[in-house]
Amino acid sequence: MVAAPVPFGPVPAPRQWQWHQLEFYGFLHFTTNTFTDKEWGFGDEPPAIFNPTDFDADAIVAVAREAGMRGLILTCKHHDGFCLWPSAYTEHSVKNSPWRDGQGDVVREISDACRRQGLLFGVYLSPWDRNHGDYGTPAYLDYYRAQLRELLTNYGPIFEVWHDGANGGDGWYGGANEKRTIDKFTYYDWENTWAIVRELQPQAVIFSDAGPDIRWVGNESGKGGETTWLTLDTTGWCPGFADTKQLNTGHEDGPLWLPPEVDVSIRPGWFYHAREDSQVHSVRRLIDIYYQSVGRSGSLHLNLPPDRRGHIHEVDASRLQTVRHILDQTFARDFAAEATVSACNTRGNASLYAPSQVLNQDPNRYWATDDEVRSAALELDLGAEYTFDQVLLQEPVRLGQRVREWAFEVETKDGWQEVAHATTIGYKRLARFAPTTARRVRLRILDAKACPLLSRLALFLAPTFAVEPTIRRAPDGTVRFEGCDEVRVRCTVDGSEPTVASALYTGPFSLPAGGVVTASVLAADNVGIYVPGDRATARAAYGLAKSGWSVPGVTGAEALIDDNPATSWRTATGVREVCVDLGEEVCIGALAYLPPMVSRSSDGFVQVCRWYVAATPDAWGEPVGELRCDNVVNNPVEQRLDIAPVTGRYVRVEVLDTVNSAPQAAFGGINVYRAQ
Ligand code: FUL
């Protein structure tokens, strides 16, 4: 009898192992923000504004189920404090809204619909509460815990409890209307708060920046680490205080099993905003997100924000259907399934640990090597030549994560050729490469922390499908589409869906005044090419082109107006404003702040600013609006302010608050949109 490999380092607890296998589940961001068009409510929103016109939990859950999601997590309470269930501990809830005459309960309806349709249900209960008068005092902790008990007692089994990291700042706080800060390390007495979850829902995993069961991946843009260790050292961290880069990669020798969850929205914002209907992530981007999350050993937690009707918007739903179709097609056939597998080492030469164990889908059966082995190769004869463009690898992580580096090679007529080379494998790794045809392939595990084990190796081929082109605009306003050489593309510049009657794209065109560019590959135009859902559409919203702009009186501010997301500019220390000359009078309908997109620190990102528009730079009247950039640190996307149309040539931004009260305000750029 050959001894089984002993577990190496930290290993997943049973609840974490269950969670690993979910791989893909959804987020629902829904609250008064949906009706105020905000990302973070201040806490003073009247419950009367919460009134979805046609809330349909089953329809929402069906969209998630058809997308292949295994569960849904609902923002039962976001930072604004409004409760989507009739909590016994506050009046700030659905019970004082007109929706279902105050008799409704969104948590009940979504959790019931999840159970009916076979999805798991999870809760988001924001620790920060900008409505509650006691926030900041010990009494609020009692309130928070009482609400946690309500949610964990009355709504059936809960698979995940989600604690957000954003915490403290200004808010309504029962009418006090002030700034409040708490000590993130001590205020929530997390150990005892989490004990409530363990007591009431012992199978649930708890998420926060720093665990205890699942960690944040360190960004909200859908990117798991190219290197992902499922282990972590959280010394000195707490929910809301952790190093985002280290969260992304994990710690190779971390003492805790703490795998990453990749939370990302299908749109720029987390809540529904009609203006973002044209900015739902493209099929290509969503597929990339899948490979960068599930394919890098994390789970994909994809947000679908219900709209004011209480539906998932049609654009989001159809995009997901296409993504599901492509993934199903991709994983329908494993070209390694019939292979003959050999290895340079097999643990005790035992058939239980034979190389062929990597071909089945049972995570309990795996190829193992002898204890002293640290590098090894596995060779597959596929039985015939096949074309594939990705390899799937899995370690049996219940025995610990071991592999540090690996390479995948195919045999060509010129010998072995490497097509993928990477670091970690972990629970699941998917590596894509250009379509390759071969009969013999091999995996070389180049370095492992302990004797390498592998439970799965599979080869897949993504279907060829027409995807939407990438839309680009140069600073002078010239628009071009990339990635569409072999297909016919039709486009509009007014936000409407292209039809076969719309203009055919024949080459770059000029769009200096901006607009919404919509480019569609239509099946009707592309006979013989698979176009999922009959069309593949990309959209991009542009403001005025900036080539005629200047920044009067400031030298070195080119990055403010260069239309390049990779460059950024900071005001001089203590300077709280900047003025831009648009070069001509324009009727303006919206203004936007772009945070630096490539920045090591978010210090100085604009948190609150006022905008002015004038015909001459000395005639500033009242501000045309105030912009609050709520979640700009974690989600550094364009922050847009729609205004009543106003004509002017000069635009001034007055910065009222910056992230961490930094004395220099940081800009990636600003955008100015013409009134429609
Ligand atoms: C963030 C929050 O501040 C956002 O509003 C959103 O809920 C996201 C999932 O987490 O930190």
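**Figure 1. Strands β16 and β17 pair in the antiparallel sense over seven bridges.** Strand β17 covers residues 415–422. A two-residue hairpin joins β16 to β17. Val410 stands opposite Gln417 in β17. On β18 (residues 429–448), β16 (residues 403–412) also runs antiparallel, joined by seven bridges. Glu405 has Asp447 of β18 as its bridge partner. Two strands pair if DSSP finds at least two bridges between them. Helices (H or I, at least four residues) and strands (E, at least two) are DSSP runs, numbered from the N terminus. This is a predicted model: local features need pLDDT of at least 70, side-chain atom pairs count only at pLDDT 80 or more, and totals for chains, interfaces and linings use all residues. Residues are numbered from 1 along each chain as its sequence is written, and side-chain values use heavy atoms, with hydrogens and water left out.

**Figure 2. Three strands form an open antiparallel sheet in the order β21-β22-β25.** β21 (470–473) and β25 (509–510) stand at the edges. Each has a single partner strand, so one side of each is left without a neighbour in the sheet. Two bridges pair strand β22 (residues 478–482) with β25 in the antiparallel sense. Val479 stands opposite Phe509 in β25.

**Figure 3. The protein chain is assigned four domains: domain 1 (18–316), domain 2 (340–460), domain 3 (470–542) and domain 4 (558–674).** The bounds come from an automatic or database domain assignment. Between the C-alpha centres of domain 1 and domain 3 the distance is 35 Å.

**Figure 4. The largest nonpolar core holds 79 residues.** Phe50, Leu74, Val106, Val107, Ile110 and Leu302 touch the most other members. Helix α5 (residues 138–154) gives the most to this core, with seven residues. At least three residues come from each of domain 1 (18–316) and domain 2 (340–460). Another core, of 34 residues, lies apart from it; among its members are Leu560, Tyr593, Trp611 and Ile670. A nonpolar core is a set of buried Ala, Val, Leu, Ile, Met, Phe, Trp, Tyr and Cys residues joined through side-chain atoms within 4.5 Å. Buried means under 20% relative accessible area, exposed over 50%, partly exposed in between (1.4 Å probe, protein chains only).

**Figure 5. Val106 has contacts beyond its sequence neighbours.** With neighbours within four places in sequence left aside, Val106 is in contact with Phe30, Phe50, Phe55, Leu74, Leu84, Val94 and Trp99. Contact means heavy atoms within 4.5 Å.

**Figure 6. The whole structure contains 39 aromatic pairs.** The ring centres of Phe331 and Phe460 lie 5.0 Å apart with planes at 90°, so this pair is edge-to-face. The pair links distant parts of the chain, 129 residues apart: Phe331 in helix α9 (residues 314–331) and Phe460 in strand β20 (residues 456–460). Phe331 is partly exposed, at 25% relative accessible area. Phe460 is buried, at 3% relative accessibility. Ring pairs also link a cluster of Tyr135, Tyr140, Tyr143, Tyr144, Tyr173, Tyr187, Tyr188, Trp190 and Trp194. Rings of Phe, Tyr and Trp (its six-membered ring) pair if their centres lie within 6.5 Å; planes under 30 degrees apart count as stacked, over 60 as edge-to-face and the rest as tilted.

**Figure 7. The charged end of Lys449 sits over the ring of Trp229.** The distance to the ring centre is 5.1 Å. Arg652 places its charged end over the ring of Tyr612, 4.3 Å from its centre. The criterion is NZ of Lys or CZ of Arg within 6 Å of the ring centre and within 35 degrees of the ring normal.
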